[in-house]
Amino acid sequence: MWSRLKALQRNKTARYGIPMLLLVVGGSFGLREFTQIRYDAQRIKKKLDPALEARVNQQKQSVILEEEYEKMKDRNIDGWKNIRGPRPWEDSRELQDQQRAQQSKGL
């Protein structure tokens, strides 16, 4: 019996191969369980609160869009002027004062 045990200890397949196979197979089962926990948590997170779900009704969305369109219709979107911001090496107050002066000359 002791001779068989010593033979197994010297055998490289039994010494390195079997633990490696156990690690790979056991690791795949362990990873499956951890990923399942992850997907379950995501599924729970995606569920909406019933009060919030009532507010996000699809029929009401079109009404909200129409209201926003009515608000935007009265605004003048063609009369805007592009004003650039200061560059990192420029003083922002000085640039703003120059832009205000140019704007007041233009009016």
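R32 is partly exposed, at a relative accessible area of 47%, where partly exposed lies between buried (under 20%) and exposed (over 50%), with a 1.4 Å probe and protein chains only. R32 forms a salt bridge with E33, the closest N and O atoms being 3.6 Å apart; the term requires a side-chain nitrogen of Lys or Arg within 4 Å of a carboxyl oxygen of Asp or Glu. E33 is partly exposed too, at 45%.

The model is predicted: local features need pLDDT of at least 70 and side-chain atom pairs pLDDT 80 or more, while totals for chains, interfaces and linings use all residues. Residues are numbered from 1 along each chain as its sequence is written, and side-chain values use heavy atoms, without hydrogens and water. The mean pLDDT (the predictor's confidence in each residue, 0 to 100) is 80 for the chain.

The chain has five helices and zero strands, taken as DSSP runs (H or I, at least four residues, for helices; E, at least two, for strands). Confidence is highest in α2, at a mean of 87, and lowest in α3 (residues 50–55), at 65.

Residues three or four places apart on an α-helix point the same way, because a turn takes 3.6 residues. In α2, R43 and D40 are three residues apart, and their side chains form a salt bridge at 3.2 Å, N to O. R100 and D97 have that three-residue spacing in α5 (residues 92–106), with a salt bridge at 3.6 Å.
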